[in-house]
Amino acid sequence: MLRGQREIRSLVLVVGVALMPIGAAPLAMAADPPKVTPAAPVSPSDAAVKLPARYPDASAHRPTPIPDRIILTWAGDPSTTQAVTWRTSDEITRGIAQIAPALDNGRDILPAARTEVAKTTVLETDLGKAAYHSVEFRDLKPASLYAYRVGDGENWSEWSHFRTAHAPRESDPEPFSFVYFGDAQNDIKSLWSRVIRQAYSDAPKARFLIHAGDLVTTSNSDALWGEWFGAAGWINANVPAVPVPGNHEYIRPRDAQGKTIPNSKGRLTRHWRPQFTLPTHGPAGLEETAYTFDFQGARIVALNSNEQHEEQVKWLERVLQERPSTSRWTILTFHHPIYSTAKGRDNAELRKLWQPTFDQYGVDLVLQGHDHTYARMGPRFAENLPSGLNVRDRHAGTVYVVSVSGPKMYNLERNPEMRRAAEDTQMFQIVTVDGQSLRYEARTATGVLYDAFELRKRPGQPNEFIDKVPAGPEHLRPAKPKPAEVKAAAVGGR
Ligand SMILES: [Fe+2]
């Protein structure tokens, strides 16, 4: 008998005793000696032990006229625009969004609101059709709190708040924090949800959430996207997301036996563009997967490490060359790490192609995923540049990080440049940009500080790097004994 079935049977017996009529004599007090009757065997076919049927995904994730999967993103300038995307059943052909200044008396919001009509796309998923609606609010006031809701005129979401970024300014930009997650990918509802909720609890004022690819493991599965949106819940409606696609957001063709065709080119999942409203200014063919925006003194650049690597170099050069003087920090995010942290996954070609541009323009921080381990390197300085103090000094050291937020874990490939690493640890990272300084913290799923450093800008010199690794051992799998040690132990044991 299965453990669950045993437990159900015990429960049935306990309930049976508890329901004995009041006043009925317990067996032990009966006048006649108790007759011992062996308990009737309970077979797995008994109705009482029948396991419940799994509720179908098509029902659990069915869209309705009520908006769900509401998510804030940016397609334009975060100080004057805000995009929102949501889902309904496909009978809703006209989505609308309303926006007003956030006011203390909620009843004053609607009279002050303006209405925008959404662009609507019908998406055919593996569970049926759904409508995705997208609105970009424009001409907003910088540094202002807004309230918005989405719906169809009759069926509405709740009113949610977002705050626009401060307008760019040369001196003393307003400090801000953001959160970065490595791959969520697996057990999203059951085990990743706690990470994003812990992150929100630890950094409730974070201004955006970076997802460095592999958000879900099967990206044409509507049920998995349902888990991803469900795990974040209303956080996505209040804190903008900055997602980049990983290899799992790409669908590769399969042969007649259902096996992936080796070296075949994948295609971005059909879910990506309808459900995220992102900038379309990336290289042709990479709209909404390679993009950039400026936020209070930082230029954030999302690259697509899945395809068109060469085409992105020229685009990236332009994006970095045209950095406004108000954006002194440059933070990159993409999925495949150029310095791998897991066994047998070196990305030498991508490193050769992309790192010279990172070096040339002094990228400060690179946030990656894919390797299902945690590792953070010290600052790396430009390689293969002409020697000479002046050239070297212009190029700040770049700090590379790989992280994982979901529960799928790989073996770490240790590299001497890793200052802090972990295996088997779900993590999230809080980055705070504060004028001339950038503070970084990696925390575990339970909110424990695991890694930290600070970068400080120095005029005409590389960033000052201050390691702040907290005390405590690294989370590492027990080392496997080397063959020679195994042999020695075997000899010693004789
Ligand atoms: Fe990946």
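Q: Which residues of α3 are buried?
A: In this predicted model, the buried residues of α3 are I188, W192, V195, I196 and A199.

Q: How far apart are the end C-alpha atoms of α3, and what span should one expect?
A: The end C-alpha atoms are 20 Å apart. At 1.5 Å a residue, the 15 residues of α3 (188-202) should span 21 Å, so the two values agree.

Q: Turning to α7 and α8, at what angle do they pack?
A: Helix α7 (residues 309-321) packs on helix α8 (residues 348-360) at about 10°, and their axes are 9 Å apart. That angle makes α7 roughly parallel to α8.

Q: Which residues meet there?
A: From α7, the residues are H309, E310, V313, L316, E317 and L320. Their counterparts in α8 are L350, L353, W354 and T357.

Q: And how do the residues of that contact divide into nonpolar, polar and charged?
A: Six are nonpolar, two are polar and two are charged.

Q: On to the backbone: what is the phi of D139?
A: D139 has a positive phi of about 55°, although it is not a glycine. Most residues other than glycine have a negative phi.

Q: Where is D139, and is it buried or exposed?
A: D139 is in the loop between β6 (128-137) and β7 (145-151). D139 is exposed, because 7 other C-beta atoms lie within 10 Å and the cut-off for exposed is 12 or fewer.

Q: What about D424?
A: D424 also is a residue other than glycine with a positive phi, near 55°. D424 lies in the loop between β20 (418-422) and β21. With 16 other C-beta atoms within 10 Å, D424 is partly exposed.

Q: Now the sheet with β7: what is the strand order?
A: Four strands form an open sheet in the order β4-β3-β7-β8, with antiparallel pairing. The edges are β4 (114-117) and β8 (160-163); each has a single partner strand, so one side of each is left without a neighbour in the sheet. Neighbouring strands are turned by 30° against each other on average, direction ignored.

Q: How many bridges join β3 to β7?
A: Six bridges join β3 (residues 96-101) to β7, and the two run antiparallel. Q98 stands opposite R149 in β7.

Terms used:
Residues are numbered from 1 along each chain as its sequence is written. This is a predicted model: local features need pLDDT of at least 70, side-chain atom pairs count only at pLDDT 80 or more; totals for chains, interfaces and linings use all residues. The expected span of a helix is 1.5 Å times one less than its number of residues. A residue is buried if 20 or more other C-beta atoms lie within 10 Å of its own, exposed if 12 or fewer, and partly exposed in between; C-beta atoms are placed from the backbone. Axes are lines fitted to C-alpha atoms, for helices over the stretch in contact, and angles run from 0 to 180 degrees between N-to-C directions. Angles under 35 degrees count as roughly parallel, over 145 as roughly antiparallel, 65 to 115 as roughly perpendicular and the rest as oblique. Two residues are in contact if their C-beta atoms, placed from the backbone, lie within 7 Å. Ala, Val, Leu, Ile, Met, Phe, Trp, Tyr, Cys and Pro count as nonpolar, Asp, Glu, Lys and Arg as charged, and the others, Gly among them, as polar. Two strands pair if DSSP finds at least two bridges between them.
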